[in-house]
Amino acid sequence: MNNPHVQNLDDIEQEYQTSRDLGLSDEQVQEYQEKYGLNELKGKKAKSLTMRFLEQFKDIMVIILIIAAAISFFVALKGHDTKEYIEPVVILSIVILNAVLGVVQESKAEKSLEALQNLSSPHAKVIRNGKLTEVEAKMLVPGDLIEFEAGDFIPADGRLISASSLKMEESALTGESVPVEKDEKADIAENAPLGDRLNMVFSGSSVSYGRGTAIVTNTGMGTQIGKIAELLDSADQTQTPLQLKLAKLGKYLGLLALGISVVIFAIGFYVGMPILEIFMTAVSLAVAAIPEGLPAIVTVVLALGVQRMVEKNAIIRQLPAVETLGSASVICSDKTGTLTQNKMTVMKAWIKEKPEDISDESSLGIKSLLRLGTLASNGTVEIIDGEEKHIGDPTETAILAAALKMNMTKDQLHEEAPRVGEIPFDSDRKLMTTIHMIEGKPYALTKGAFDVLLTRCKTGDFEAAKEINNQMTAEAMRVLAVAYKELDHVPHVLNSDEIERDLHFVGLLGMIDPPRQEAKDAVEICKKAGIRPVMITGDHIGTANAIAKDLGILKSGQKSITGTELDKMDDQALSESIDQYSVYARVSPEDKIRIVRAWQQKGAIVSMTGDGVNDAPALKAADIGCAMGITGTDVAKGASDMILTDDNFATIVDAVKEGRGTYDNIRKAIQFLLGTNMGEIFIVFIAMIIWQQTPLLAIHLLWLNLVTDGLPALALGMEPVEEDIMERKPKPKEEGIFAGGLMIRIVLQGLMFAVLSLIGFYIAGVNLQSLGAAQTMAFLVLSLSQLFHVLNVRTTKSIFRSNLRDNKYMILALLVSLLLIVVIVFIPPLAYIFEITPLPSAYYLIAILLGIVPLIVIEIEKRIRGRRMT
């Protein structure tokens, strides 16, 4: 059934052959369970562990390494030295280790659907065969007759049959912060938004007040929450910019390795080199071209960023999200509970003259008004462990909390003025009345909607009240009016028509779900950082505009739009005009996804924050989804990339800063690793052209790429975030990793390493007449020059203006890497495995001097560049 909210109840009853009094029979239940299935949510089948493992080998860099290992293994089979098996074993070990790490990451499967499955009530009260019984919620079928009362969760979508003062908490589905008053007799338009379907109840919502009965119209995936589950299930997981850039980099490096290998093979074949020797040289080039340690280094740098963000109340669920958040140019934020406190608060009160802000210094008249409002309320506000806990209707608990600020507790007031009667709130009357004994006399205290209560009053300043009501309403406040009258006696029969008339009008209470102060500051910082904040909410447009203006999200020249207006725009029109709107109100989950994707089509990197079930699909569709940790539903958390554990919008600013710093550090690591890789490629390529010999063996290159370079690259990931990082604009989505001339610097630095290493190779080869000694010399020069070079990469400033002690891990990495070089050079068993030849003492000194050269060259280049900029 697609539109039960517009159908006649008799037609619904007839469609399912059910009864409003007796419900379904056992036979019908069994038949419907076979027809409609269980009332539960389903997800798509997960990939097997084997399939996930095999998918790790699709990357071109991995394929090239596997080919290199196969060639190396074939050469080892043809030879007679068991040492030759070391290279293929090491290469394959690296490939398998990377695959295992990839599987471990992917095995952290999305928990969104599981959370949705657990969100609905495990049991439901249902009338079957004319008897009220309790069954597992998953056993419900369309046509079942369900009952519910305050505190119950709704187990399935249903059309209301009866409702007694029924209010539903639907914020998780609609984003509306105030409970919705339900009306089983309401006439609803076919295209009415979810929040306006007053004659329906929805799975996943809860009863905050009153009670009701309904006919189940949809179960499982047919419910509104099921549609959200389907959106989550069908939404593709967006690859982050970093993932895309690294994948592209891998392809380029792989193609470079293949191209150079073909050239080297042709040269070797032309000069008559043995085929096996040419193959081994090709293996060396493949190993040199591929930065085997890069994926692991990037993962660790991201993980370090995650650890730092945990300390700042942000939990990252997907590692690449750290970098993506730092690139965010648009933050689409839910309103309720994210930008606001998700707690109705009395902000202003009026009894005469002008409205007063609520504070502990409020006038006696305002305190008297709050006293009457508290007496006429049923909610509870308790202080538990220093925190206010609100139980009951939010509008009532807002009044109680305001009174509590003035040291007036509900219990104390009821002791002074005992309640002796009550006429409960009714959605038709929109009023509630309680009767109290005050100083020995009975008084009727009435609170409710201003326009209704005004017609019941005999005395009071009505014109002024109308003006103040309009002012408060214009500020998107929910206004409650309070009145009273003295009674002759306590009535035996409480008749609203008799008691709620000829009242004396007292005053007005204006309340709203207020914005967080820290959110206002965070919005300002985001704007300075070039990030566009946008509000997306299921609440009414007036409320949304008021909050957005207060926060600074909605500025002059910017517009707001409703979901109904949005539905009239096609995707192209929305994409073209998306940057005109800063507020989207009364929107559906589908609308939120459209908004996110429209911004993405504009080239923005979109972050979406939210806490409700209705936010989950958009959280997943965004480049990075941020869920609230305290008020956030499990569904929102499961669909997100990041969780803010303190529900503080300001935390996102720290997260952006950390993300930007992490990306900077990743660029430093890439510059360092690729610079050394370029050096290795140039060394092998140039030496093959000039001498038809390779200065570095594959095992040398593996050791350099994974061990000698790995630790300093990791230490680069621990560099502190630069102070001015939040004054920069977000980098464009299309901007590559090598923007700003980084690739040119990498190539030039690689050429420098190659020249220095080939000088060492030539000196040792000519003077010592030993290929092994020449290769050892090239290995030492390259190792040492790379270690000194990492000091250059740490900062764009002179090394004399940066403090190495700011990063103690860098000192440790340099010392350990140097020790590892010494170990394999001077310990004979290790030197044998790595084919290292002992050198005369003078050659070690030459290697050190050549290794220092990059430090001197880059320092000179920095000084020249600094003078040009000034």
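Which residues are exposed on the other side of α2? Keep that in mind as you read these notes.

1. **Before you start.** This is a predicted model, in which local features need pLDDT of at least 70 and side-chain atom pairs count only at pLDDT 80 or more, while totals for chains, interfaces and linings use all residues. Residues are numbered from 1 along each chain as its sequence is written, and side-chain values use heavy atoms, with hydrogens and water left out.

2. Helix α2 spans residues 26-36, and its buried residues are Gln-28, Val-29 and Tyr-32. They sit on the same side of α2 because they cover an arc of only 100 degrees around the axis (the arc is that of the directions from the helix axis to the C-beta atoms). On the other side, Glu-27 and Glu-34 are exposed, which answers the opening question. Here buried means under 20% relative accessible area, exposed means over 50%, and partly exposed is in between, with a 1.4 Å probe and protein chains only. Helices (H or I, at least four residues) and strands (E, at least two) are DSSP runs, numbered from the N terminus.

3. An α-helix has 3.6 residues a turn, so residues three or four places apart point the same way.

4. **What α2 packs against.** The buried residues of α2 pack against β1 (123-128), where contact means heavy atoms within 4.5 Å. After α2 comes Gly-37, with a positive phi near 80 degrees.

5. **An enclosed strand.** Strand β15 (residues 431-438) is largely enclosed by the rest of the structure, because seven of its eight residues are buried.

6. **The partners of β15.** Two strands pair if DSSP finds at least two bridges between them. Strand β14 (residues 419-426) pairs with β15 in the antiparallel sense over five bridges, and Ile-423 stands opposite Thr-433 in β15. Strand β16 (residues 441-449) also runs antiparallel to β15, joined to it by eight bridges. Look for Leu-445 in β16, the bridge partner of Thr-434.

7. **Two hairpins to look at.** The hairpin of β14 and β15 has four residues between the strands, and Lys-430 takes a positive phi near 60 degrees there. In the hairpin of β15 and β16, two residues lie between the strands, and Glu-439 has a positive phi near 55 degrees.

8. **A look at α5.** Val-100 lies in helix α5. With a relative accessible area of 39%, Val-100 is partly exposed.
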